[in-house]
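Welcome! Please take a look at the sequence and the 3D structure below before reading on.

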Amino acid sequence: MKPPLPSSSPPRQVCQVFASDDVFVTLGVNLNEGLARLADACLGDIYMLASDAEAKKLILQRSGDGQTVAAGSAVGVAGALVTIIGRYMLLAPDGDKVDLLAVQIGEQQDHFILPLSPMGANIEYSLVKSEVPQADERLIDVLCVSFARGTMITLGDGSQRPIETLAIGDRVLTRDHGPQPLRWLGHVTLRAVGAYAPVIILEGVMGNAADLVVSQHHRMFLYQRHKTRSFPKSEILVQAKHLVNGEQIFLREGGFVEFYSLVFDAHEIIYAEGIPAESLMVTEATVSRLPPDLAAEVKRRFPGVSQIQHFGLEAGPQDLAALRLNTGKRGGGGR
């Protein structure tokens, strides 16, 4: 465990960004050019992430109503203002969508690209949407890992309880370490629109005993019985948003949603409605992207903690076809 950060240290956020030239046009008006600014981008152009593209660490800190580059960042100069200058949507050949943000640092003419979901190299993506970001939009994107009120969580003795009735110290069943004490239970109520709209996994689709409602970036645990060259490990984590098919798994917008987050001594795979999913992983990157109220509470209770991700591999949308995922027949996994 890392030593606690000084209380005066501003909250920081870590992003992985690419140079704009790393996402370039292979067919279209802007042939061979990097992802252009909004005024120059052309819908229908085909883009690809370069095979040798290297993500760089951008560390941010809050500064008034905006955000600036923090010390230690591999991109930009400490104190430089960071702004979002464009939002893009790319469409993969199999129909999967990838949202990208273009960010500018200080007065630099160059900008950087931040994919909000995994983007595979050497895959052709069509630019289908480009838009001006909202005036107050920042990189503190919603990546909360949460279950909705009413989700049944399996305890160490095999019984199940609604997530909102859990208490600190309750022993929850984990896939890899047996019963583990709950260290923190976060709660926030949000308007269920945009990135806050929950993913609904209908009863039985993944072996779940009832409808499972989770945040979009919550990763579900999948187990593949036959390893492949692309996925040499059996344990795979997939963001819920990448499982959306509009039928058995879909987004529900409108009204409000109550989200609950569970924290243990380590990043764990637990059982929600009988199927495995991750707990909240406490790291600088994930916590700083939580809704502000949740982030502040986690930082207060777990100063300096940096958990290691569960050993499963994370699959992006472009990988699901290769996995031949059939959520109607495959459960989330098991021991």
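## About the model

This is a predicted model, in which local features need pLDDT of at least 70, side-chain atom pairs count only at pLDDT 80 or more, and totals for chains, interfaces and linings use all residues. Residues are numbered from 1 along each chain as its sequence is written, and side-chain values use heavy atoms, with hydrogens and water left out.

## Asn32

Most residues other than glycine have a negative phi. Asn32, although not a glycine, has a positive phi of about 70°. You can find Asn32 in the loop between β2 (23-27) and β3 (46-49); strands here are DSSP runs of E with at least two residues, numbered from the N terminus.

Asn32 counts as exposed because its relative accessibility is 61%, and exposed means over 50% relative accessible area (1.4 Å probe, protein chains only). Leaving aside residues up to four places away in sequence, Asn32 touches Phe24 and Val25, where contact means heavy atoms within 4.5 Å.

## Asn122

Asn122 is not a glycine either, yet has a positive phi of about 60°. Its place is the loop between β8 (111-115) and β9 (125-131).

Note on methods: Helix = DSSP H or I, 4+ residues; strand = E, 2+ residues; numbered from the N terminus. Buried < 20%, exposed > 50% of the residue type's maximum accessible area, 1.4 Å probe, protein only.
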